[in-house]
Amino acid sequence: MNPDCGTPPLAWTLRSARTADREVIAELRAIVMRPDLERLGRFDPHRVRQRLRDSFSAEHTSVIESDGAFTGSVTLRPGEDCHWLEHFYLDPRAQGRGLGSAVLGSLLERTDAEGAAVRLDVLQGSSARRLYERHGFTVETEDPVDVFMVRPPRTDA
């Protein structure tokens, strides 16, 4: 059981994204980001989907599945001196059940093994920021809309 909400954790798998996944991920992005974008006065139903389409990289994106069904996505894009965590979206019905933490933990184990830092951008006031902070991300810079965070690689002593 997930101690946070008393519901059993979801069993999940990651699979490599395909070009055909782009539209379902763009739609999930619009659903997940809408409340925060509306709160910030920045929601545009076309733009929220188009930004995903324009930056989609099947090569670096994984689809999160639970019980064989699409449940979310995450992109881990290599950068010059780090990896960028992008497009991390979970179906609202799967949120609050430990899935985000499990997926993020799995990705961070991989980047830690590579000795790589991870950077991300989260919207001001987003509840996702708490997840990232629990996993060791700290604020690098911020502006009225975005919070840029970083997590150095962990090494076990």
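**Notes on the predicted model**

1. Histidine 87 lies in strand β4, where strands (E, at least two residues) and helices (H or I, at least four) are DSSP runs numbered from the N terminus. Its phi is near 50 degrees, a positive value in a residue other than glycine. Most residues other than glycine have a negative phi. Histidine 87 is buried, at a relative accessible area of 13%; buried denotes under 20% relative accessible area, exposed over 50%, and partly exposed in between (1.4 Å probe, protein chains only).

2. On conventions: this is a predicted model, in which local features need pLDDT of at least 70 and side-chain atom pairs count only at pLDDT 80 or more, while totals for chains, interfaces and linings use all residues. Residues are numbered from 1 along each chain as its sequence is written, and side-chain values use heavy atoms, with hydrogens and water left out.

3. Aspartate 67 is placed in the loop between β2 (61-66) and β3. Aspartate 67 is exposed, with a relative accessible area of 76%.

4. The largest nonpolar core comprises 21 residues. Such a core is a set of buried Ala, Val, Leu, Ile, Met, Phe, Trp, Tyr and Cys residues joined through side-chain atoms within 4.5 Å. Leu85, Phe88, Leu104, Tyr132 and Phe137 have the most contacts inside the largest core. At least two of its residues come from each of β3 (69-78), β4 (82-90), α3 (99-114), β5 (117-123), α4 (128-134) and β7 (146-151). The largest share, five residues, is supplied by α3. Apart from this core lies another, of 14 residues, including Ala26, Ala30, Met33 and Val63. In soluble globular proteins, nonpolar side chains tend to be buried together.

5. Which residues does tyrosine 132 touch, not counting those up to four places away in sequence? They are Leu85, Phe88, Leu104, Leu120, Val122, Phe137 and Met149, with contact taken as heavy atoms within 4.5 Å.

6. Strand β5 is mostly covered, with six of its seven residues buried. β4 and β5 run parallel and are joined by four bridges; two strands pair if DSSP finds at least two bridges between them. Across this pairing, tryptophan 84 stands opposite arginine 119 in β5. Together with α3, strands β4 and β5 make a right-handed β-α-β unit. Right-handed here describes a path from the first strand over the helix to the second that runs clockwise when the strands point away from the viewer.

7. β7 is largely enclosed by the rest of the structure, because five of its six residues are buried. It runs antiparallel to β5, to which six bridges join it. Valine 139 stands opposite methionine 149 in β7, and β6 and β7 form a hairpin with three residues between them.

8. Two buried loop residues may be read together. Histidine 135 lies in the loop between α4 and β6 (138-142) and is buried, with a relative accessible area of 15%. Leaving aside neighbours within four places in sequence, histidine 135 is in contact with Ser101, Leu104, Gly105, Leu108, Arg151 and Arg154. Alanine 116 lies in the loop between α3 and β5 and is buried at 14%. Not counting residues up to four places away in sequence, alanine 116 touches His83, Thr111 and Pro153.

9. The largest pocket holds about 1,400 Å³ of space. On a 1 Å grid over the protein atoms alone, a pocket is an open set of points where a 1.4 Å probe fits, with protein on both sides within 12 Å along at least five of seven lines; lining residues have an atom within 4 Å of a point. Grid points are joined across faces, edges and corners, and the volume is the space filled by probe spheres set on the points. The lining has 44 residues, of which Phe88, Val122, Ser126, Ala128 and Tyr132 lie nearest the centre of the pocket. β4 gives the most to this lining, with seven residues.
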